[in-house]
Amino acid sequence: YGRSDSYRVATTQDKDDRSPKKKGATKDMDDLKKEVPITEHKMSVEEVCRKFQTDIVQ
């Protein structure tokens, strides 16, 4: 291989690699893409600390 040929070999993707392997994998991806309700911005600092069991004092 010449320099440009080796680059093409290294960056070429097979079409089979892009498709999901199982139907369950597609279902899992759909589940991960769902929106997650986030309400911490509406809570007080004290409430957020209690929720995440942490303390803001260092």
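What is the mean pLDDT of the chain, and what share of its residues reach 70 or more? I started there, since this is a predicted model. The mean pLDDT is 76, and 60% of the residues reach 70 or more.

**Entry 1: elements and confidence**

I looked up the secondary structure next. The chain has three helices and zero strands. Read from the N terminus, the order is α-α-α. I then checked the confidence by element. Helix α1, residues 3-11, has the lowest mean pLDDT of the elements, at 58. Helix α3 has the highest, at 94. I noted the ranges of the other two helices as well: α2 covers 23-32 and α3 covers 45-51.

**Entry 2: burial and surface**

I asked how much of the chain is buried. Of the 58 residues, 2% are buried. The chain exposes about 6,300 Å². Carbon and sulfur atoms supply 52% of that area.

**Entry 3: salt bridges**

How many salt bridges does the structure hold? I found two. As background, side chains of opposite charge can pair when their charged atoms come close.

I took the pair of Asp31 and Lys34 to begin with. The closest N and O atoms of this salt bridge are 3.5 Å apart. That distance qualifies because the cut-off is 4 Å. Asp31 has 47% relative accessibility and counts as partly exposed. Lys34 has 54% and counts as exposed. The two fall into separate classes because exposed means over 50% relative accessible area.

The other pair is Glu40 with Lys51, where the closest N and O atoms are 2.4 Å apart. I checked the accessibility of both partners. Glu40 is partly exposed, with a relative accessible area of 21%. Buried means under 20%, so Glu40 is not counted as buried. Lys51 is partly exposed too, at 43% relative accessibility.

**Entry 4: a nonpolar patch**

Which residues make the nonpolar surface patch of about 310 Å²? I listed Val45, Ile56 and Val57. Ile56 lies in the segment after α3, and Val57 is also found in the segment after α3. Ile56 is exposed, with a relative accessible area of 60%. Val57 is exposed as well, at 61%.

Apart from neighbours within four places in sequence, Ile56 is in contact with Val45 and Cys49. I also took the C-alpha distance from Ile56 to Glu46, which is 8.9 Å. These two residues are 10 apart in sequence.

**Entry 5: backbone at Gln53**

I stopped at Gln53 for its backbone angle. Gln53 has a positive phi of about 50°, although it is not a glycine. Most residues other than glycine have a negative phi.

How values were computed:
Residues are numbered from 1 along each chain as its sequence is written. This is a predicted model: local features need pLDDT of at least 70, side-chain atom pairs count only at pLDDT 80 or more; totals for chains, interfaces and linings use all residues. Side-chain values use heavy atoms; hydrogens and water are left out. A salt bridge is a side-chain nitrogen of Lys or Arg within 4 Å of a carboxyl oxygen of Asp or Glu. Buried means under 20% relative accessible area, exposed over 50%, partly exposed in between (1.4 Å probe, protein chains only). Helices (H or I, at least four residues) and strands (E, at least two) are DSSP runs, numbered from the N terminus. Accessible areas come from the Shrake-Rupley method with a 1.4 Å probe; for residues, only the protein chains shown count as cover. Patches are made of residues with over 30% relative accessible area and no salt bridge: like charges are joined within 9 Å, nonpolar side chains (Val, Leu, Ile, Met, Phe, Trp, Tyr) within 5 Å. Contact means heavy atoms within 4.5 Å. pLDDT is the predictor's confidence in each residue, from 0 to 100.
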